[in-house]
2 protein chains.
Amino acid sequence: MQDLNLPDFDDVIAAHERIAPHIHRTPILTSEYFDDLTGASLFFKCENFQKAGAFKVRGASNAVFGLSDEQAEKGVATHSSGNHGLSLSYAAGRRGIPVSVVVPRTAPQAKKDAMKGYGARVVECEPSTSSREAVFADVVAQTGADFVHPYNDPRVIAGQATCSREMMEQVEGLDAVIAPIGGGGMVSGTCLTLSNIAPNVEIYAAEPEQADDAYRSFKAGHIIADDAPVTVADGLKVPLKDRTWHFVSNHVTDILLASEQEIIDAMHLTWQRMKIVIEPSCAVPLATILKNRDTFAGKRVGVIITGGNVDLKALPWMNS
Amino acid sequence: MQDLNLPDFDDVIAAHERIAPHIHRTPILTSEYFDDLTGASLFFKCENFQKAGAFKVRGASNAVFGLSDEQAEKGVATHSSGNHGLSLSYAAGRRGIPVSVVVPRTAPQAKKDAMKGYGARVVECEPSTSSREAVFADVVAQTGADFVHPYNDPRVIAGQATCSREMMEQVEGLDAVIAPIGGGGMVSGTCLTLSNIAPNVEIYAAEPEQADDAYRSFKAGHIIADDAPVTVADGLKVPLKDRTWHFVSNHVTDILLASEQEIIDAMHLTWQRMKIVIEPSCAVPLATILKNRDTFAGKRVGVIITGGNVDLKALPWMNS
């Protein structure tokens, strides 16, 4: 474990103090409609209302604001066309330091523009792993920037862990917490917090059937990585890495799956009934609660709504 | 004034007690993004999170739960294809009494189904005023139902007035409140509350340019009714009536207008940045604040988000 340089709960407390000026303490919403539908009491932690529109700003801010002044001058860098790139851009902008984000040239222009809006230098690569790695290595060599990995970074995991810490302060007597799983940053942070302050609370991870590498890893007992899964929940395509696998394999109660149509239906129903804008990824937990009623009925369940950054002109139910 | 049977503030207090078990005390949201954009401090009263998805449930519940047992047996009726029909259906369902809603046969099936879901009898008419009046008269003659007008009803105005009463408890030191205006029920309720408990707070009404009958009435000093205005803000097409005109003409500071594109842009921006689902009608106040910066900059402004019932498959920016 020492080799992995894993964060501990003191790192979470330090992260929370460090990032508090830069993030929202997001609200908890409840829904009688969904409580009736599921038989559970659901508490939605609304990170879609978070700065930059997603929980990822917690980990990114912890990394950025924890840098020495010397390193900060050289800036930070990452590869991400999604919420981590946006969040790192936001955090670097708040500190006023350089940030480079390597993005496939095929990524939506709106996402590139949003990063630039926060002051990022957006560097395009071809949409392949080899191109991304080559371009990213160049960027780091040129700038000396600190690499902030989207999830397999102890500073990032400690930052994400502040989300469930807030939730435990906001809601009493939770029996379980559920969050979507892609690379496992949020789930690892949740494991880190709950294993320290509420070890009896069950931790569920929710994953798309079509990107079920974490599920298969969990059942197999070792990391299985898919090459290029296709799912509407585009934040959940990435595989587990050593640090997140540590937390997932040690602390997660179970990983539950949902089909593409179940995810889209749960997303649509959330917009329609709760009147909040959530990403497809955030709908995966609700979709799995709806199809695993016996697992959750009668329980008080914290549901982490991870983000709300969607293209409002291309909603997944438009074609169904 | 006696002739008009206007509600007074005691009616508002009574309404609030009566409906409290049946409505949500909706939260206030803020947005640094919109504060920066407008130079004002905006406090969004989120009636899109209200029961049945709109503030209209306040007035409808006040009417339904104020009925004598004798009248309640005969039920209630209204004509509305929108939030009032849905809200009256919800309230009647909660009390377990009959409710008939006369709806143009051309209204969206989803709206009819939602009313039926709450237990309403949906009676179709042709999409004309004459047909609606004839069919509605038949319904009332057959059932003896109590007519709950969507806005020109003292019970409804007193019910809507509870919204601004809550907002004044939730936010200190407001300089102004702004709400969309169609028939004027919400604006009248706001006038009723503020003229009694906060007479120095300015009251603005926001209206689509393409349905600007309240604006023209306000400037002319008497009610001007349009026959069939066309606007994306479909909750705001109806004209003022005598009771709402009383409040609007006596207490409103000004009525501000926004174009269709300004409304759509403000709606899109709200979804994108605040991650909440709001109706086109709710975007009219923000659209007018954005184009009348000098009126609002430096002020603490309460913005009533009236509802969130939209067809998620037909969003107005899809065609623009």
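This is a predicted model: local features need pLDDT of at least 70, side-chain atom pairs count only at pLDDT 80 or more; totals for chains, interfaces and linings use all residues.

Student: How many residues does the contact take from domain 1 and from domain 2 of chain A?

Tutor: Domain 1 of chain A gives 24 residues to the contact, and domain 2 of chain A gives 17.

Student: Which elements give two or more residues to the side of domain 1 that touches domain 2 in chain A?

Tutor: Those are α1 (9–19) and α8 (154–170) of chain A. The largest share of that side comes from α8(A), with 8 residues. By class, the domain 1 side has 9 nonpolar, 9 polar and 6 charged residues.

Student: Now to helix packing. At what angle do α1 and α3 of chain B pack?

Tutor: A crossing angle from 65 to 115 degrees counts as roughly perpendicular. In chain B, α1 (residues 9–19) and α3 (residues 56–65) pack at about 85 degrees, with their axes 9 Å apart. The helices α1(B) and α3(B) are therefore roughly perpendicular to each other.

Student: Which residues make the contact between α1(B) and α3(B)?

Tutor: From α1(B), look for B:Ala15, B:Arg18 and B:Ile19. Facing them from α3(B) in the contact are B:Arg58, B:Ser61, B:Asn62 and B:Phe65. Sorted by class, the residues of this contact are 3 nonpolar, 2 polar and 2 charged.

Note on methods
Residues are numbered from 1 along each chain as its sequence is written. Chains are lettered from A and ligands numbered from 1 in the order in which they are written. Two residues are in contact if their C-beta atoms, placed from the backbone, lie within 7 Å. Helices (H or I, at least four residues) and strands (E, at least two) are DSSP runs, numbered from the N terminus. Ala, Val, Leu, Ile, Met, Phe, Trp, Tyr, Cys and Pro count as nonpolar, Asp, Glu, Lys and Arg as charged, and the others, Gly among them, as polar. Axes are lines fitted to C-alpha atoms, for helices over the stretch in contact, and angles run from 0 to 180 degrees between N-to-C directions. Angles under 35 degrees count as roughly parallel, over 145 as roughly antiparallel, 65 to 115 as roughly perpendicular and the rest as oblique.
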